[in-house]
Amino acid sequence: MSAILTIDRLFKQFPIAGSRQVVQAINDVSLSIEPGETLGLVGESGSGKTTVGRCIVGLLDPTSGDIRFRGTPISGRKDTRRALTGKIQFVFQEPAESLDPRMKIGVSISEPLIPFKLNRAMRERRTLEAIKLVRLDPALLEAYPSELSAGQQQRVGVARAMVTEPELVVLDEPTSALDPTARAEIIDLLQRIQSERNTAYLFISHDLSTVRFISHRVAVMYLGMIVEQGPADTVFNRPQHPYASGLLSSVLLPHPHLKIESSVSLKGEIPSPINLPKGCFLASRCPFVIERCRIEMPPRTDVGPGHSVHCFRHEDVARTVPASDTFTVFMAEAERILGRKPVVAPIKLAEPANPVDTRT
Amino acid sequence: MAQAPLPEAADASVAIEPLVRISNLRVVYPTGSSEPKEVLRGLDLSVMPGEIIGLVGESGAGKTTLARSILGVPPGPGRITEGEVIFGGRNILDLPEPELRKLRGRDLSVVVPNPRAELNPTIPVGKQIAAMARIHLGVGKEEAKRLALAMLKDVQIPDPVRRMDAYPHELSGGMAQRVVIAMALICDPAFVISDDATSGLDVTVQTQILALLSRLAADHGSAMLFITRDIGITAHFCDRVAVLYSGEILELALREQLFLEPAHPYTLMLLSAFSHSPKLRDAWSVPETGLRQDQEKGCRYSIRCPLAQPVCREVRPPFAQLKPGHFVRCHFPVTPS
């Protein structure tokens, strides 16, 4: 199958006013997304993941590199961009801020249809379809954003992206401002739409647990570089880059006995992207560091089918970290704990005045 | 995360006095209409010496209102209408402001999110930390400076001597959070409230800050109320966990009980949101398609509860003990089959 989106050697630098220095936001990123596939792009703040998304949708022009949609170069070209109107869409992090507070929901959802110059009946039909697609009551088309909960607002954000029937949607932290229940609803929704329409997603997030379940493949970014990329279960079960391993071990699953093991505990914080160090960017925080890491940048090494990593010591990392699928174990536990059949029968209980010490 | 053992539970014959005892705390916010909105609905909670108790809630549950009301200062136009917070034999809510000011910062302290807003941008951080010690412990300038430096080392700020003279804008978010923690702990408070203190941080930094907080709390023997919207944190970090919904605690249990044998349908719904299983989620939730409504009568959760019966919408369930240590506010708690 041919990829729907390919990015080849993308760089993006931002000039700093009053200085000759630049912020090196993206450093040599290459990736591709197939139709109907979800690529999870993970990393901490400042890793450049949002910048990648913005370059794809055309909100930013890359400094160098190639972005192709179905083989056609799109970056910095107004003519091809126009031909692609509605084919690539974007969902933002803050639903409240991305909706016009004075615009009714129905108007917001139909706005991306303006360039298509549809007649009114057609536009209304598409809008109605979109709001039904995200499982909201069509009566809400007449409501204002402030009347909706954050989860409902984000469903409107999804409806607005889907109304043009895009082939690729860039989702930039679409769930991180939401409560867990609203987050789960959005994720279900996105997966259902994908299976119905074969839409491809670039899912940008720092929430690894969500990425694990929604993504087919995953790319881990650090300081503007993809340090490890591969099939989601392979990368999550046996990461080969120290940063990926450290990042995974910081996932706190809601189960007191399940913890992702790692031999990497990351100290300190992500360095400034202004003066990037020579050699590997992780060298200052990495417990596996050797002299060579400080001198040269580790090249991209293929370690399995569709699985690549930038690390001189990836074999040692893979060896010291026990391969485990904690996420699958967690799901089985959830099934066991939450799969109980509720019995609606009152239980006689004694009521205490104030539950003081409850440990005895 | 440290799998902290429970604080030694003495045998049942010896009653342990709680360090902080919150009883029937009610806070209202004025609304446009005549009825003020009750944001805390008669909340009861006791914190034992040295324990870390987690308080989980979604946005709007009343988490920050609780954190601030414990110190006698509910946010914004909020007003405490009833209840008491007993600390050291006295009701904090009755204390005159000067007395209260002495307690806050010294015996009771808060770690807030968004640390940079909390720090004075025009004063070096070392001075700000030392000021806490000078005001509350009454030590001299040199001693305060020495304590501040020791505290910066404790919170593992790299190059602490140099950071003493740094201004808040020169620090990253993670470092500013460490400074705020240093300020909160320098006077060895008996009780620390952490109000979503790690929510703005990246996960690898969050892991470091959590490890730090739990180690410092153990070293200083402080008890902690750890308020968060991330239930995952509490599974690894807290001794007991309380689940807050719409101003009331719906379930309170030892960590293991809460996560392995959850009893309130709301807790099961929250946990199912992490299960990534649509089947489990459907079993425990009612889809929200239209505009939100509030349920004032009976159980506030009944409007979203898949198990709700007519009685739930009429009668507020009592906060009852299901098993030793495990409390639930529900007419029909879920029990292991």
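In chain A, eight strands form an open sheet of mixed pairing, arranged in the order S6-S7-S8-S3-S9-S10-S12-S11. The structure described here is a predicted model. Strand S6 (88–91) and strand S11 (301–304) of chain A are the edge strands of this sheet, each of them pairing on one side only, and from one strand to the next the twist averages 20°. Within the sheet, strand S3 (residues 38–42) and strand S8 (residues 200–205) of chain A pair in the parallel sense through five bridges, and in this pairing Val42(A) stands opposite Ser205(A) of S8(A).

Further pairing in chain A involves strand S1 (residues 5–15) and strand S4 (residues 64–69), which run antiparallel and are joined by five bridges; the partner of Leu5(A) in S4(A) is Phe69(A). S4(A) also pairs with strand S5 (residues 72–73) of chain A, again in the antiparallel sense, over two bridges, and here Arg68(A) has Pro73(A) of S5(A) as its bridge partner. S4(A) and S5(A) form a hairpin with two residues between the strands, in which Arg70(A) takes a positive phi near 50°.

Most residues other than glycine have a negative phi. Gln156(B) counts as partly exposed because 16 C-beta neighbours lie inside 10 Å.

Chain B contains an open sheet of four strands with antiparallel pairing, in the order S2-S1-S4-S5. The edge positions are taken by strand S2 (37–47) and strand S5 (90–91) of chain B, each of which pairs on one side only. Strand S4 (residues 79–87) of chain B is joined to S5(B) by two bridges, the two strands running antiparallel, and the bridge partner of Ile86(B) in S5(B) is Asn91(B). Helix H1 (residues 63–70) of chain B lies across strand S1 (20–29), S2 and S4 of that chain, and runs at about 60° to S2(B).

The domain assignment divides chain B into domain 1 (1–107 + 189–260), domain 2 (120–188) and domain 3 (267–325). The centres of domain 1 and domain 2 of chain B, taken over C-alpha atoms, are separated by 25 Å, and the contact between these domains involves 13 residues of domain 1 and 13 residues of domain 2. On the side of domain 1 of chain B that touches domain 2, helix H8 (residues 203–220) of chain B provides the largest share, with six residues. By class, the residues on this side of domain 1 are nine nonpolar, three polar and one charged.

Elsewhere in chain B, helix H11 (residues 265–272) has eight of its eight residues buried, so this helix is largely enclosed by the rest of the structure. The buried residues of H11(B) include Pro265(B), Tyr266(B), Leu268(B) and Met269(B), as well as Thr267(B) and Ser272(B).

The largest nonpolar core has 197 residues, of which Leu202(A), Val220(A), Ile129(B), Ala182(B) and Ile186(B) touch the most other members. The greatest contribution to this core comes from helix H7 (residues 173–185) of chain B, which gives nine residues. When residues up to four places away in sequence are not counted, Leu202(A) touches Ile33(A), Leu39(A), Leu41(A), Gly53(A), Ile56(A), Val170(A) and Leu171(A).

The contact between the chains takes 51 residues from chain A and 70 residues from chain B. On the side of chain A that touches chain B, helix H7 (180–197), helix H10 (242–249) and helix H13 (326–338) of chain A each supply at least two residues. That side of chain A is made up of 24 nonpolar, twelve polar and 15 charged residues.

Notes: Residues numbered from 1 in each chain as written. Chains lettered and ligands numbered in written order. Predicted model: local features only at pLDDT ≥ 70, side-chain atom pairs only at ≥ 80, totals over all residues. Buried ≥ 20, exposed ≤ 12 C-beta atoms within 10 Å, placed from the backbone. Contact = placed C-beta atoms within 7 Å. Nonpolar A, V, L, I, M, F, W, Y, C, P; charged D, E, K, R; others polar. Core = buried A, V, L, I, M, F, W, Y, C linked by C-beta atoms within 7 Å. Pairing = 2+ DSSP bridges. Axes fitted to C-alpha atoms, helices over the stretch in contact; angles between N-to-C directions. Domains from an automatic or database assignment.
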